Amino acid sequence: MKDRYTTFAGYNAWANRRLYDAATALSDAEYRADKGAFFKSMHGTLNHLLATDRIWMKRFTGEGEAPDRLDAIVHERLADLRAAREAEDRRIVAYVGGLDEARLNGVIRYRRVSSPEEFVQKLTPALDHWFNHQTHHRGHAHMILTSLGKTAPELDLLYYQRVADAGRA
């Protein structure tokens, strides 16, 4: 199982780099335009992804800053958001790299942002959800790029696996 999550952590960081490369080519008006995505704009979507990653990392590790809203704007400026995203991706890769089979077979306890009840969940399904959630919202960002008439980067996991196997990830 650890290899699976190591792959997902590497894929996550790689896909985020590609998405941020595309986002930096947008004008500020394009970056902030409401394109009908769940979090409206590229700005809202990228902030949501960072916010929820921080929320999940706080749940997994008990450490770090975690917003109290899913629509939190963590950073107004794209450059600041990118720097924070890169730091969070390094943190994710390190966290997953430190997991062993005992931890992977364990559970986590957490509260949702939207409700006070405590949940107890096996770690591996939580990791599955987390990595899938990231892919889901990167799909929204991909749609935003195409709706703006921009070329969206290839983000498929299979593509990542091919470039990683070739040493180009």
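# Close-up views of a predicted model

**View 1. Glutamate 30 is found in helix 2.** The picture comes from a predicted model, in which local features need pLDDT of at least 70 and side-chain atom pairs count only at pLDDT 80 or more, whereas totals for chains, interfaces and linings use all residues. Residues are numbered from 1 along each chain as its sequence is written, and side-chain values use heavy atoms, with hydrogens and water left out. Helices (DSSP runs of H or I, at least four residues) and strands (DSSP runs of E, at least two) are numbered from the N terminus. When residues up to four places away in sequence are not counted, glutamate 30 touches Leu148 and Lys150, where contact means heavy atoms within 4.5 Å. Between glutamate 30 and lysine 58 there are 28 residues of separation in sequence, and their C-alpha atoms are 32 Å apart in space.

**View 2. Lysine 40 is a loop residue with a positive phi.** The loop that holds lysine 40 lies between helix 2, made of residues 28-32, and helix 3. Its phi is about 70°, although lysine 40 is not a glycine. Most residues other than glycine have a negative phi. Lysine 40 counts as partly exposed because its relative accessibility is 47%, and the terms used here are buried for under 20% relative accessible area, exposed for over 50% and partly exposed in between (1.4 Å probe, protein chains only).

**View 3. Asparagine 12 is a buried residue of helix 1.** Helix 1 covers residues 2-24, and asparagine 12 is part of this helix. Is asparagine 12 buried or exposed? Asparagine 12 has a relative accessible area of 1%, so it is buried. Once its neighbours within four places in sequence are left aside, the residues in contact with asparagine 12 are Asp53, Arg85, Asp89, Ile92, Phe131, Gln134 and Arg138.

**View 4. Alanine 23 is another residue of helix 1.** Alanine 23 counts as buried because its relative accessibility is 1%. Not counting residues up to four places away in sequence, alanine 23 touches Met42, Leu46 and Leu78. Alanine 23 and arginine 168 are separated by 145 residues in sequence, while the distance in space from C-alpha to C-alpha is 21 Å.

**View 5. Strand 1 and strand 2 form a hairpin.** Strand 1 (residues 107-111) and strand 2 (residues 118-122) run antiparallel and are joined by 5 bridges, and two strands are said to pair if DSSP finds at least two bridges between them. Within this hairpin, 6 residues lie between the two strands. Which residues stand opposite each other can be followed at two places in the view. Valine 107 faces lysine 122 in strand 2, and tyrosine 110 has phenylalanine 119 of strand 2 opposite.

**View 6. The largest pocket has a volume of about 280 Å³.** A pocket is an open set of points on a 1 Å grid over the protein atoms alone, where a 1.4 Å probe fits, with protein on both sides within 12 Å along at least five of seven lines, and lining residues have an atom within 4 Å of a point. The points are joined across faces, edges and corners, and the volume is the space filled by probe spheres set on them. The lining of the largest pocket has 14 residues, and those closest to its centre are Trp56, Arg59, Leu70, Arg112 and His129. At least two lining residues come from each of helix 3 (42-61) and helix 6 (123-147), and helix 3 gives the most, with 5 residues.

**View 7. Glutamate 154 sits in the loop between helix 6 and helix 7.** Helix 7 is made of residues 157-165. Glutamate 154 has a relative accessibility of 33%, so it counts as partly exposed. Apart from neighbours within four places in sequence, glutamate 154 is in contact with Trp14, Arg18 and Tyr159. Glutamate 154 and arginine 90 are 64 residues apart in sequence, and their C-alpha atoms lie 21 Å apart in space.

**View 8. The protein chain as a whole has 7 helices and 2 strands.** Read along the sequence, these elements follow the pattern α-α-α-α-α-β-β-α-α. The C-alpha trace spans about 45 × 45 × 25 Å along its principal axes. Of the 169 residues in the protein chain, 43% are buried. Among contacts with a separation of 6 or more, 70% are between residues 24 or more positions apart.
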